[in-house]
Amino acid sequence: MILRFRPANVDDALFIARGFHMAMLYEDTPEEQIRLFGRVICVRDDVLYSWRNTIIAEVDGIPAGMITAYDGSRYHAMRQVTMDLVRQHLGVEFPGMEDEAIPGEYYLDSLAVMPVFRGKGIGRALLQHAIAEGCSLGLHVTLAVDPINTRAQHLYATLGFKPAGDLFIFGHTYWKMMVEG
């Protein structure tokens, strides 16, 4: 198994959209909605879930996983555009949502590994890659995890993440975790 990382490109938009929905545990999302998300959001370079913010992990040349991450100083502008598009094209709103990222942070927004590639260390490798990137920028690396996702919490803890408070996002409370850069 040869694992390689590469920056995503605009042609990866559908893969990124599918990965975002997996990361959010929206596994029952209709395929047409995932495609719409890819066509409307992931193809842009000014949104949270942009191809420009994503690294693709390939196994033997096949896309196996992805991580979307960005400097928190860009969060507000990207969030505004993203949420406007989500509201306009998908008819979904998230009132009362707190800021997921702030300046001084490198925020790991979405991590997904395709089911056939799970259990092979790809998620851990993507996280290590993103942590190294954030630390090289001199930023604190952060993420949000669902309190019921104990498996993810354990993985994050083994990589040095520590609790850093709560976040109300996407309609419920997540735990914020941080690795100091």
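Two strands pair if DSSP finds at least two bridges between them. Strands (E, at least two residues) and helices (H or I, at least four) are DSSP runs, numbered from the N terminus. The model is predicted: local features need pLDDT of at least 70, side-chain atom pairs count only at pLDDT 80 or more, and totals for chains, interfaces and linings use all residues. Residues are numbered from 1 along each chain as its sequence is written, and side-chain values use heavy atoms, with hydrogens and water left out.

**Exercise 1.** Describe how strand E2 pairs with strand E3, and find the residue opposite Glu58.

Solution. Step 1: E2 covers residues 54-59 and E3 covers residues 62-71. Step 2: six bridges join them in the antiparallel sense. Step 3: the residue opposite Glu58 is Pro63 in E3.

**Exercise 2.** Give the strand order of the sheet and name its edge strands.

Solution. Step 1: seven strands form an open sheet with mixed pairing, in the order E1-E2-E3-E4-E5-E7-E6. Step 2: E1 (3-7) and E6 (162-169) each have a single partner strand, so one side of each lacks a neighbour in the sheet. Step 3: from one strand to the next, the twist averages 30°.

**Exercise 3.** Describe the surroundings of strand E4.

Solution. Step 1: E3 and E4 run antiparallel and are joined by seven bridges; Ile67 stands opposite Leu111 in E4. Step 2: E4 pairs with E5 in the parallel sense over four bridges, and Leu108 stands opposite Leu143 in E5. Step 3: eight of the nine residues of E4 are buried (under 20% relative accessible area, 1.4 Å probe, protein chains only).

**Exercise 4.** Describe how helix H1 meets helix H2.

Solution. Step 1: two packed helices are described by the angle between their axes and the distance between the axes. Axes are lines fitted to C-alpha atoms, for helices over the stretch in contact, and angles run from 0 to 180 degrees between N-to-C directions. Step 2: the axes of H1 (residues 13-23) and H2 (residues 31-42) come within 8 Å and cross at roughly 120°. Step 3: the contact (heavy atoms within 4.5 Å) includes Phe20 and His21 of H1 and Phe37 and Gly38 of H2. Step 4: its residues divide into eight nonpolar, two polar and three charged (Ala, Val, Leu, Ile, Met, Phe, Trp, Tyr, Cys and Pro count as nonpolar, Asp, Glu, Lys and Arg as charged, the others, Gly among them, as polar).

Key:
Left-handed = near helix turned anticlockwise from the far one by under 90°. Buried < 20%, exposed > 50% of the residue type's maximum accessible area, 1.4 Å probe, protein only.
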